[in-house]
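Q: I would like a close look at one part of this model, the place where the two protein chains meet. Please take it step by step.
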2 protein chains.
Amino acid sequence: MATTSTLTEDQFLLIAKTLADPRRYAILRQILESETATPCSAMRDCVEVSPATLSHHMKELEAAGLIHVQRNGKFVSYTPAAEILKAYVHRLSSDLT
Amino acid sequence: MATTSTLTEDQFLLIAKTLADPRRYAILRQILESETATPCSAMRDCVEVSPATLSHHMKELEAAGLIHVQRNGKFVSYTPAAEILKAYVHRLSSDLT
DNA sequence: CGGTCATTTCGACCGTCATCGAATGATGAC
DNA sequence: GTCATCATTCGATGACGGTCGAAATGACCG
C-alpha cells in the first residue's frame, strides 16, 4: 500500500472516460462513503437504474480498475481501489496544475 | 473573484466529459506547457487533426471553462484557466480520496 | 427436484459526439 | 478591389455507448 501506482496512458484515459458518466461517478462515491464493502443492492437506492444498466456500469468501473469485486454466493459487493484512485488524482494534478 | 472557484455539479460533469477525450486532453496539456498564450496553429503540430475538428474541440474546452481565448486579428490564442483547473482537481481529490 | 431471488448476458434502440469536406466569414497584404 | 490565409460554421456520416426488456445463469432453500 505504500507504493504509488503508475498509470499507463491507456489506463489513464479509460479512467477519465469511466468517471465522466454521472451515474458511475455517483456509484463510485457511494462505494467510497462506506467503511465496509458495499452490496450491489445498495446501489439501487442511491441511483435509479435498471439491474441490467447497473451491472453494465459496475463492469466498466471494474474494467477501469477503480473498484474491487467480492462475490459471496449470489451476492456481490464492491470496495474502492484506493491506490488507483490516488494515482489518478495524482496524475491529473501533476498534469493540470 | 476569490482564489478558489467552486464548481456546480453541471460544471464538474461537463469538465469531466471534456477532459475524457484524448485529443482535447493533449491540447490542454499543450496550452499548459507554454508560459505565453498558445496560438491556434501550434496545436496542429502536436495533434494531427483537421481545422474543423480542432475548432470544435477548442469550443468545447472554452465551454467547459478550461481555457481563455484571445483574438488578435485573424489569429486566435489560448491560455489555461488556472482557477477552474485547480478547482476541478481539488473537487476530484476531495471526492475520491 | 421446483421455485425464488440476485446478477448477468443478449439484443436492440436511440441519443450523443468525434470527424471531416466544403462553404463561409474575417482579416491582412499587395 | 483581389487574393491568400486563418478560423469558424454547416451538414453529413459513422462510431461509440447508455439504456432497458427479456432471457439466461447461478445460488440458496425447502
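How many residue pairs are in polar contact across the interface of chain A and chain B?

A: This is a predicted model, in which local features need pLDDT of at least 70, side-chain atom pairs count only at pLDDT 80 or more, and totals for chains, interfaces and linings use all residues. Residues are numbered from 1 along each chain as its sequence is written, chains are lettered from A and ligands numbered from 1 in the order in which they are written, and side-chain values use heavy atoms, with hydrogens and water left out.

Across the interface of chain A and chain B, 2 residue pairs are in polar contact, both at pLDDT 80 or more; such a contact is a pair of N or O atoms within 3.5 Å, where within protein one must be able to donate a hydrogen and the other to accept it, and residues adjacent in sequence count only if both atoms are side-chain atoms. Between the chains there are also 3 salt bridges, each a side-chain nitrogen of Lys or Arg within 4 Å of a carboxyl oxygen of Asp or Glu. One of the residue pairs joined by a salt bridge is B:Arg29 with A:Asp95, whose closest N and O atoms are 3.9 Å apart.

The largest share comes from α5(A), with 8 residues. By class, this side of chain A holds 14 nonpolar, 2 polar and 5 charged residues, where Ala, Val, Leu, Ile, Met, Phe, Trp, Tyr, Cys and Pro count as nonpolar, Asp, Glu, Lys and Arg as charged, and the others, Gly among them, as polar.

Counted by contact, meaning heavy atoms within 4.5 Å, chain A contributes 21 residues and chain B 22 residues. Together the chains bury about 1800 Å², with 74% of that on carbon and sulfur atoms; buried area is the accessible area (1.4 Å probe) that two parts lose on being put together, summed over both. Within chain A, the residues that lose the most area to chain B are A:Tyr25, A:Val89 and A:Leu96, which together make up 34% of what that side buries.

How values were computed. Helices (H or I, at least four residues) and strands (E, at least two) are DSSP runs, numbered from the N terminus.
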